[in-house]
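Good morning, everyone. Today I want to talk about how two chains meet.

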Amino acid sequence: MSFVNLDKKEINFKIVYYGPPLSGKTTNLEYLHAVMPKEVKGEMTMLSTKQDRTLYFDFLPLESRAIKGFVSRFQLYTVPGQTMYNQTRRLVLSGVDGLVFVGDSQWDCMENNADSFKNLQENLRSHNRALEDIPYLLQFNKRDLPSVAPVEYMDFLLNPLKTRARYFETVATQGIGVAETLNTICKMVMAQFIQQHQLSVDELVRKAAGSEAR
Amino acid sequence: MVVTVEQSRLLNKAVADLVAQAEAEEAYLTDFDGNVLAQASPHDSRSVQGIAALSAGAFSATRQLAGLMGEAMFQSVYHQGHNTHLYMQSLASQFLILVVFARQTTVGLVKLYVRKLSEELDPLLRELAGQTAAGVGADREAFALDPAGRLFEQRPASPPAAPERRAPP
């Protein structure tokens, strides 16, 4: 969940890139780390196996001044896609504010995509959370490869909720659609945060009455 | 979770006192998600994020390990280095204190002052842990988007060489 320090004027948001093995989650973060100016990015941390596969998570902190008077910190995490690392996927989802589901567009990955999406929903339930309540986006990655499924099919497969999620067609190795995905999920996360922290009408009335009394 | 100005100052003072009394190098108070509530350290808050995220991740993994061994939780983890050591302990079931120390002190002394800190901060940390999802409190502020604020733009220079797509094993 978002974390606010009113003393330091900082707000932290946690965004998790989720998806099946080798769909491009780490590549998204690597690209962002490479292209973002140094004033906005922190060090990227990767916990990988010897084979360069994500073992625990990748982590990239980015900063912006999008909320008035505060430094907004977006902490980007990936999860390990491999089936055997479900415990760690579940741990990384703790306190998530926004999700990007990175699907692999190749036809032979559709079953993996569907399984991973189902696994995401199960793991959120273990934290008493539901996808419906969390800002999330879909990324249909590797659109440059031959033998990719049509976006309409992927949308049908991975967009089953009543409120349909927005999707982006991406080629993360070339950075196509990567920054757009990030900026959109950040905006969605901030919009939800601001909505949750708006003073209710009752509170505003009470506050106004309090200052008049003083 | 929302930490007010007053709470933040109390937490920072307590962490600074811990470092001084235990003769440690630096210390951080984080939650289990890796957010830094207070710190006594020469590093700026941006570079501390990696330390906090990794420590929270390591401690989470340890909690899972404890579960597999029939323990509710391992309360503390000690990483012993050649020159520098790290002691982590959970506080109020949702927070972590990380203490970095060197040869001039001992893990026993660090544990002693961490216990004192734990007792001192317990009511405040439980109050923070009890906040609702929206983290409301008497000091809640209204937040608004900055019209001049920007999100993330790529550097205008040419993009980097694309990371190579990894082949399936």
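Here is something to look for first. Which residue in β1(B) is the bridge partner of A:Val4? It is B:Val2. Keep in mind that this is a predicted model.

Strand β1 of chain A covers residues 3-5. It pairs with β1(B). The sense is parallel, and there are two bridges.

Next, the whole interface. How many residues of chain B are in contact with chain A? The count is 51, and they touch 72 residues of chain A. Between them, the two chains bury about 5500 Å². Carbon and sulfur atoms account for 55% of that area.

What about charges? The rule finds one salt bridge across this interface. Its partners are A:Asp7 and B:Arg9. Their closest N and O atoms are 3.3 Å apart. As for polar contacts, 12 residue pairs make them between chain B and chain A, with both residues at pLDDT 80 or more.

So which parts of chain B do the touching? Which one gives the most? That is α2(B), with 11 residues.

Last, the kinds of residue. The side of chain B that touches chain A has 25 nonpolar residues. It also has 13 polar and 13 charged ones.

That's my tour. Thank you.

Definitions and conventions
Residues numbered from 1 in each chain as written. Chains lettered and ligands numbered in written order. Predicted model: local features only at pLDDT ≥ 70, side-chain atom pairs only at ≥ 80, totals over all residues. Heavy atoms only, no water. Contact = heavy atoms within 4.5 Å. Buried area = accessible area lost by both parts, 1.4 Å probe. Salt bridge = Lys/Arg side-chain N within 4 Å of Asp/Glu carboxyl O. Polar contact = N/O pair within 3.5 Å; in protein donor to acceptor, adjacent residues only side chain to side chain. Helix = DSSP H or I, 4+ residues; strand = E, 2+ residues; numbered from the N terminus. Nonpolar A, V, L, I, M, F, W, Y, C, P; charged D, E, K, R; others polar. Pairing = 2+ DSSP bridges.
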